[in-house]
Amino acid sequence: MEDGHSIHVSVRDEQEHRRTPKCSQSSLPTRQLRASRTARTLHAGRGIKVNEARWLQTSPPLSNRIPGIGTKMFPTSSLLAFCFVAARLVSGQQVGTLQAENHPSLPSQKCTASGCTTQQTAVVLDSNWRWTHATNSSTNCYTGNTWNAQLCPDPTTCTANCALDGADYAGTYGITTSGNALTLKFVTGSNVGSRVYLMANTTNYQNFQLLNQEFTFDVDMSNLGCGLNGALYLSEMPMDGGLSSTNKAGAKYGTGYCDSQCPQDLKFIQGKANVQGWTGSASDPNSGSGSVGTCCNEMDIWEANKNAAAFTPHVCSSKGLTACTDATTCGTGDNRYAQTAICDKDGCDFNSYRMGDQTFLGPGKTVDTNSKFTVVTQFIATGGTLTEIRRIYVQNGKVIQNSNTNIAGISPAVNSITDTFCNAQKGTFGDTNSFEARGGLAAMGAALQRGMVLALSIWDDHAAGMYWLDSTYPTNASTSSPGVARGPCSTTSGDPKTVESTEASNSVTFSNIKFGDLNSTFSAGTGNGNGNGNGNGNGNGGGSTGGGSIAAWQQCGGMGWTGSGTCVSGSTCTVLNPYYSQCIPH
C-alpha cells in the first residue's frame, strides 16, 4: 500500500494460564485445551496478524500429582523463582515440548522448458502466532500487552527463559492442506487469521531466487469478501530462520520474519526478546511494540480479495534481515520518509482498479473471481538487472494479459511495473518516491537474486479497514482524485468487528505453486482477450493489438491470436507452445 500516511503498528495477544506453575512437564501428563486471539501488525501493503495460542489447561494441582510437594512447602513464587534460575543457565530462545510440531505437506513444482519437477515442500506457522511460555513451565512469558516481569526483566534473561511451542494447524488456526492446495480459514474458534511459510525441508525455508524467472500459483478467493486479504508474498528472511546460539527454534518454528515495514511488534528479533522499551497500546489492552524492528526487502506478489488485487515491490537500503533500533531507522510515524529509514514502506503497486480499469478483475469480470484462476508473475531482467515485473492470468484455459493503465499522467498506457511506471505513478498521485530513493527495481532484483522466502496469509485490518486495497482511500478523499479509488467496496465494509462476525466463515485457497524459467509454468488456451489493443502489444490473448510493433516480452502469436506478429527492434517473436508466442529480446 502506498498511501503515504503513517502506519499504526500493534500487537494483539491474549493468554490465560490457570494452573500452579512447575518446572518440568515431561512426567506430568495433562489435558490441554487451546484457543487463541489475534495480534495484528499493519504495514503499507498488508496487515500482518501475529498471535499466540491461549492455552486453557485442565489438570489436577501440582501438589496432587507429586508426592511431598505442595503449595505450603513450595509456594508459587518459589517455584517460579526456581524455574527462573534454571532457565538462566540456558542461553538462547528455546523450543517447548507441550505440543508436537508437524509441518503440513504442500508440494510445489520447479519448472524448465523441458517440464516441471515436484518438490516435497511443506508449510510452517509463523513464530509470533505461537504460545510463548517459560522453558520449564506453562507460565506465559507474555500476557495481554505486557511481558512477565519475572521471566522477562531484560532481553537476555527473557530469551533464555522463554520457549516457542508446536502448533495444531487445523484445530486451532484453520490451516489445512490437500494435495498441492493450502486453505487458510479466516476465523477458527477464537483465532483470527494466520501466516505460514513454505519449507524446503524440516529446518530450512524454500529459497526462491527468481531474477529472470517466474512464479505461478492458482487461487480461489470466491469466498473472500470486502475487508479481507489473502496474501502471497516474498520476504528476504534468513533461510534457516536465523538459527543461532540465541535462537534454537529456527525455521522449524517459523522464526526470522521481517518485511519492509520494519515491524516492531515481533516478540523475538534475531533470537532476542524485544522486551526493551516495550509499550502497551493506550487504546488496546492487547497491543504494543518494542524498541527494535525487523526490516528487509519484500515482494508482494498477491494481495487480494474477490473485489480487488494488487502486486507491489518494496525495497530497503540493506541486505537481508536488518534490525532497526530507533524511529529514524525504523521509519516510524513522521520518520516514514526519513533518509535514514531503512525501507520503502509505500512500495510501487499495480492495482488494476486503481490504475483505471474497473472492469478487469472481480466477480463476473475479465478475470472472474467467482472461480479459481492462475496468477503468473514474471521478473524480467536485462543484463542481470530487474527491469520489469509482468503479470499474466490464465482462466478456463485462456491467457489474459494484465490490464492497461488508464490514468491521465501515465502515458503511454502500460500493464507492468517498471521504474518509469513507478516514477510516473508517484508523480501523478502526489506520493513521495521512497521506492526510487532506495534503489527501485534494481534493488528488488538484487534481493530476488540472493533469495527470498514465500509467505502466505489471511487477515483483516484493524488500522485501515483494508480500504487501501478494495475501497476509497483515504476514505474522506474524492474518488475523482487519481489513485484514491482502490476498489468497489464501501468505506464501512472493512470494520473488523463486523468482518470478524459476518465474514467469519471466509477463506482463501492457494494451490499448484510453480516456479522456474520464464513461460515454463503455465500454458495458454485458445485465448479470449479483452480487446483492449492499444498498438503497443498489450492486447490480451486473442484480442487485437491494433497493429504496430509489439514490445519485448509481450504476446505476439499463438492459437487464436489475431494481432500483429511483429516485435520491436531487438526482439524476435518466439513460439513457446502452440498457444503462445512471445517477443523475446535478442
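Author: What follows is a short tour of salt bridges in a predicted model.

Reader: What lets such pairs form?

Author: Side chains of opposite charge can pair when their charged atoms come close.

Reader: How many salt bridges does a search of the whole structure find?

Author: The search gives 7 salt bridges.

Reader: Which residue does Glu236 form a salt bridge with?

Author: Its partner is Arg450. The closest N and O atoms of Glu236 and Arg450 are 2.6 Å apart. Glu236 sits in the loop between strands S19 and S20, and Arg450 belongs to helix H8, so the pair ties together parts 214 residues apart in sequence.

Reader: Is Glu236 buried or exposed?

Author: Buried means under 20% relative accessible area. Glu236 has 5% relative accessibility, so Glu236 counts as buried. Arg450 has 33%, and therefore counts as partly exposed.

Reader: Where do Arg336 and Asp346 lie?

Author: Take the contact first. Arg336 forms a salt bridge with Asp346, with 2.7 Å between the closest N and O atoms. Both residues lie in the loop between helix H5 and strand S28, 10 residues apart. Arg336 and Asp346 are both buried.

Reader: Which residues are linked in a network of salt bridges?

Author: Asp349, Arg354 and Asp431 are. Within it, Arg354 pairs with Asp349, and their closest N and O atoms are 3.0 Å apart.

Reader: Why does Arg354 count as buried?

Author: Apply the cut-off again: buried means under 20%. Arg354 counts as buried because its relative accessibility is 5%. Asp349 is buried too, with a relative accessible area of 3%.

Notes:
Residues numbered from 1 in each chain as written. Predicted model: local features only at pLDDT ≥ 70, side-chain atom pairs only at ≥ 80, totals over all residues. Heavy atoms only, no water. Salt bridge = Lys/Arg side-chain N within 4 Å of Asp/Glu carboxyl O. Helix = DSSP H or I, 4+ residues; strand = E, 2+ residues; numbered from the N terminus. Buried < 20%, exposed > 50% of the residue type's maximum accessible area, 1.4 Å probe, protein only.
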